[in-house]
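Please look through the structure shown below before reading on. The report then takes up strands, backbone angles and salt bridges in turn.

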Amino acid sequence: MRKAALHNLGCKVNAYETEAMTQLLMQAGYEIVPFHEMADVYIVNTCTVTNIADRKSRQMLHKARKQNPDAIVVAAGCYAQTSIGKVMEDLSVDLVLGNNKKNEIVTILEQYLEHRAKKDYVIDVNHTDEYENLEISTVTGHTRAHLKIQDGCNSFCSYCIIPYARGRIRSRKLESIVQEVQRLAANGFLEIVLTGINLSCYRDEQYRLIDVIERIDQIKGIERIRLGSLDPEVVTEEFAQRLSKVKKICPHFHLSMQSGCDKTLKAMNRHYTSAQFYEICQRLRAYFPEAALTTDVIVGFPQETEEDFHQTEEFVKKVQFAELHVFKYSKRDGTAAAKMTGQVDENVKAERSAALIQIGNLLKETYRNRQIGHTVKVLFEEEISLGDKKYFVGHTRDYIRVAVESPENIAGKIIGVRLMKNMDKEIMLATL
């Protein structure tokens, strides 16, 4: 029996695709082993979102070759897609597998074993409307399942390489989504997390994202539906109103913002103003008063002044996010922003990042403190040790991580608990 080891870099979509490749290999008779062990095949599902991600992708490919010089090393995913020339020249790599080809991993490996010829399997994803069908029926070691329903992006934000790596918008057929959710429900999964490269742009004939959500809401066995990152433009009045009637929806909405400064948003090629973004947040809160709104913010974008950054600081306080994900702008070769004048000094980026993280920590603490004393339902996932005690941990519907002591195994169950206090920045303590 051949052994295969897989390593994932990057986003939740990549993680889903790595899981799907793992299951295809298992079905073909491969034994799956940890990446640090000896294997006959190493597959690195690469990321290219920043220059640093490219470097990490190369490092993992080289690590695989060192571990077993005789193994087949496969570079898959976004870095392989956008840097095919570099990857083909890399002596550590035997096969290059672009996006829209991961579902053929077993056949491609068989062909390589027959001919032992280095080859790339990379199509022009910018000129295809074919959605790559990858499916999972279980998820290793988890109680929630991420479900990829969309690929590609047409936005071309000035800092982002992803449209070139993932191509134009393509969506999965609604019936295919329903069938996979039914399989996952049959295997005991209680929560589905819908993901995509640009989830908000889901399109399947007359169906849109809200139609997918409403259809999953009807599937027996699924107790929770959680959404990945949303573009604010998708949150129309109709979308919010229909979403409020979905019984299983988790009131945790991650809205992709990037900046609270209109000048910077325009330079980023984002298609909304801070005022429009605020209106969307208020729209969601009208239907979900206690919703956890979280967001991404990039600091140190080219030409961002102190005043521009101050506008972002004040805006996140005004919105009262439940959590901020703060990123220092990282120049990505091949994007419009990389060529812009007024690149911000790295020390300034670090200062702004630290300042915004501090604000984010205060906002997070404020949101969580409001939940103390409330009885909430938690989907428990695993048992962990904290200090000298053991706790079962899981997440509330609004994605607060909760720990509770329990004499019996409650992993995989949804149980009501009373929130008592913050244990640290990441976990709240509760009692049964």
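Is Glu191 buried or exposed? In this predicted model, Glu191 has a relative accessibility of 0%, so it counts as buried.

## Glu191 and its partner

The side chain of Glu191 meets that of Arg144 in a salt bridge, with 2.8 Å from N to O. Arg144 belongs to strand 7 (residues 144-151) and Glu191 to strand 9 (residues 191-196), so the pair ties together parts that are 47 residues apart in sequence. Arg144 has a relative accessible area of 11% and is therefore buried, the cut-off being under 20%.

## Strand 4 and its neighbours

Strand 4 covers residues 72-77; six of its six residues are buried, so the strand is largely enclosed by the rest of the structure. Strand 3 (residues 41-46) runs parallel to strand 4, and six bridges join the two. Within this pairing, Tyr42 is opposite Val73 of strand 4. Together with helix 2 (residues 51-67), strands 3 and 4 make a right-handed β-α-β unit.

Strand 4 also pairs with strand 5 (residues 95-97), in the parallel sense and over three bridges. Here Ala76 has Leu97 of strand 5 as its bridge partner.

## Positive phi angles

Most residues other than glycine have a negative phi. Gln258 is not a glycine, yet its phi is positive, at about 80°. Gln258 is placed in strand 13 (residues 252-258), and its relative accessibility of 7% means that it counts as buried.

Asn269, also not a glycine, has a positive phi of about 65°. Asn269 sits in the loop between helix 10 (262-267) and helix 11 (274-287). With a relative accessible area of 30%, Asn269 is partly exposed.

## Further salt bridges

Side chains of opposite charge can pair when their charged atoms come close. The whole structure holds 33 salt bridges. One of them joins Lys102 and Glu17, at 2.5 Å from N to O. Lys102 is in the loop between strand 5 and helix 5 (105-115), while Glu17 is in helix 1 (residues 12-27), so the pair ties together parts that are 85 residues apart in sequence. Lys102 and Glu17 are both buried.

Another salt bridge links Arg65 with Asp94, whose closest N and O atoms are 2.6 Å apart. Since Arg65 lies in helix 2 and Asp94 in the loop between helix 4 (84-89) and strand 5, this pair ties together parts that are 29 residues apart in sequence. Both Arg65 and Asp94 are buried.

Note on methods. Residues are numbered from 1 along each chain as its sequence is written. This is a predicted model: local features need pLDDT of at least 70, side-chain atom pairs count only at pLDDT 80 or more; totals for chains, interfaces and linings use all residues. Side-chain values use heavy atoms; hydrogens and water are left out. Buried means under 20% relative accessible area, exposed over 50%, partly exposed in between (1.4 Å probe, protein chains only). Helices (H or I, at least four residues) and strands (E, at least two) are DSSP runs, numbered from the N terminus. Two strands pair if DSSP finds at least two bridges between them. A crossover is right-handed if, with the strands pointing away from the viewer, the path from the first strand over the helix to the second runs clockwise. A salt bridge is a side-chain nitrogen of Lys or Arg within 4 Å of a carboxyl oxygen of Asp or Glu.
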